[in-house]
Structure formats: C-alpha cells, structure tokens
Amino acid sequence: MKPPPLERPPPSGRYRIAVNAEWTSKCNALCPMCPRELIEHPQRMSRQTWQQTLARLTPEQVFRTVIAGYGEATTHRHFFDFVDDLRGHPVRFDMVSNGHLLDADKLRHLDGAIDLLVVSFSSIDPAVYRRVHVNLDHARVMANIQAAQKLLRHTRLAISLTPLPECLPSLPATIDWLRAQGVATLTMSPTLYNRGGGLHAEAPAAGTETLRATIRRHRLRSQEFDFIPSIRDLYRQWRSNRFRCLARNVDVFISSAGEYLYCYNDIGHRHVLGNVATHSIDTVLAERERMAPIPTLCDGCNMRRRYGALEVLKTGAAFARTRLAAARGT
C-alpha cells in the first residue's frame, strides 16, 4: 500500500476538514442502514452549483472531498461532465458508490480524476446482499468490482464492508473473494452510524469494540481514520471547537442543492447554514461554531459523545501507527 501523498500544511491556527459533496440525493438502492424516507425533496445537483462548489474548495482548508452524500453519484445524468469539471483541481477527490452502475465507460472516465474509489459491498452471500443492498444486482456489482480492479490504472480501489451483524458470518468468505480479485484496500467502520438518531434498524448494530476487534482480526482499514488529515489537524480540530463532536467538526456537508448542512447526519437536509453561491467555507465554519447542539439532530446521535479526550488520543495514536505502516509498505 502506497503512503498517502504529501499535502501542504494549513496556515497557522487553522485546521483542515473533509468535504462531503452530494451530487444527488436520489439513489437506486433502498438499503436499510440509510433512512432515505427522511429526505423530503431528493434532487440532483446542477452543473452551476457543482462549479460553485469547486470554487469554494482550497487545499489549505480541505484535505479531501468525498463525492457521496445520500444518493448514488453514478446515477447523475451529467456524471461524465462533473468528473471532467474536477480534473486539475488542487484538492483530492474520492468517490463512494454502491457499484451497480460502475460500468467500463464510467470506470475509464473517472480513472485518474478520482484518487480513491470506494465501493460499498455487504457480502459474497447473495441472500445477505439482497437484504442489505436492496434493489441492486449482486452479480452485476461483483462483475463491476472485478472490472474496476482490472481497468483502473491511476485511481485506487477500496471496498467498504458493511458493519451489520448479519454480514459478519460471511465476512471471511467475502474478504477471501475480494483479496483473490487483487483488492488490497478493505475498509470497515467501527460504528454503524445511526444517522443522527434517524436510523432505527431492526437488528441492533454490533458494538464498537466488537467491530474494532473484527477490523484487527481481518487486517481491515478502519474508516475512523479516513477523516483525519494529520495528527496536528486532529489536535487543532479538538481545540478549536467548543462542541466536542468529531462527526460534526471534521466534515462539511454540501448538499445537492448547494446548501451547507449543520452536520452530515442531517439526512432530512433541514439545518442549512448557507449556500455555495453566497457563502465561503470559512464563513460557514464560523457560523457553525457559534451554534449550540440541535436537540432533534444531536440528542439521539451515537457519534456525539463517541470521542472523549482519551478516545481522541487513542485514535490519533492508532492513526499514526497506520500511516507509519503504510509508509513502510507493510
């Protein structure tokens, strides 16, 4: 595994963030871990809004932009144009997809424009996959993963494994199949986020310690590291925000309407801080820091009190070990 590219440090006193850019809030799947019924007006981002979004992103402030949100980016009718718009931009761009529409044309077009392509995949078992990734074609997604591994030359491929209890029994076989295809980067979240209290899954999520043990046992990459640009930034984020919530503070969500949301767990897109047409990221961060927690969004969230000071130190230390191992190629 290659070490991450060196990035310019932020100006003194400023910390870098991740941006979640939602090309569309419409999706071709009905997964149970995504309470999409809370999105009242799903829509696609316009080309003008996407270009305004790009103008707001600077490498001094944004260390990565993840094209994700609550919809499937590959369903956007202007997918190819949107990819072309980001070429040559100084900020790193990653993309998350369920893989259903990642055909050869899309893979070839995004190759090199996207740094990391993350495909969400639940299980090698078709029955499990159908229950988790509802409305998607299991065999088609597997074929697209194989095609991505074969066709991508400049974009890295990663698989995000779903941390639901029903996926864990088939996890070893799923990992074996993916590694047999040559996929080296397998990731999993140590927490099934309850989307700001909006997710009420029938089966309870596996505990964080259970998932962390699973990640260690199978030598997976923990997704809690993906929003940490550096130890310095993690420290600055913690010091600069009186509201001690990493889920809120490390990320800025830009919706398909071009609106900055209070938190990426605001699935209903109800708590808007501004719009890319009129507000800079600096302005939005300053406004958010003046705001108190939003009870309807924050009180039921399983991320709000997840990271205390000790947890931040542990996560930072684990992050440093992971980066060191990556630099050594182990």
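Predicted model: local features only at pLDDT ≥ 70, side-chain atom pairs only at ≥ 80, totals over all residues.
View 1. The protein comprises 12 helices and 10 strands. Of its 330 residues, 55% count as buried. Among contacts with a separation of 6 or more, 75% are accounted for by residues 24 or more positions apart.

**View 2. Buried and exposed residues of helix H1.** Helix H1 spans residues 47-56, and Thr49, Trp50, Thr53 and Leu54 are buried in this helix. These four residues lie on the same side of H1, because they cover an arc of only 140° around the axis. Gln48 and Ala55 are exposed and belong to the face of H1 that is turned away from its buried side.

View 3. Two kinds of element are shown here.

**View 4. Packing of helices H1 and H2.** The axes of H1 and H2 are 10 Å apart, and the two helices pack at an angle of about 20°. Angles under 35 degrees count as roughly parallel, and H1 and H2 are therefore roughly parallel to each other. Their crossing is right-handed. On the H1 side, the contact is made by Arg47, Trp50, Gln51 and Leu54. Asp81, Phe82, Asp85 and Leu86 contribute from H2. Classified by residue type, the contact of H1 with H2 has 4 nonpolar, 1 polar and 3 charged residues.

Conventions
Residues numbered from 1 in each chain as written. Heavy atoms only, no water. Buried < 20%, exposed > 50% of the residue type's maximum accessible area, 1.4 Å probe, protein only. Arc of directions from axis to C-beta. Axes fitted to C-alpha atoms, helices over the stretch in contact; angles between N-to-C directions. Parallel < 35°, antiparallel > 145°, perpendicular 65-115°, else oblique. Left-handed = near helix turned anticlockwise from the far one by under 90°. Contact = heavy atoms within 4.5 Å. Nonpolar A, V, L, I, M, F, W, Y, C, P; charged D, E, K, R; others polar.
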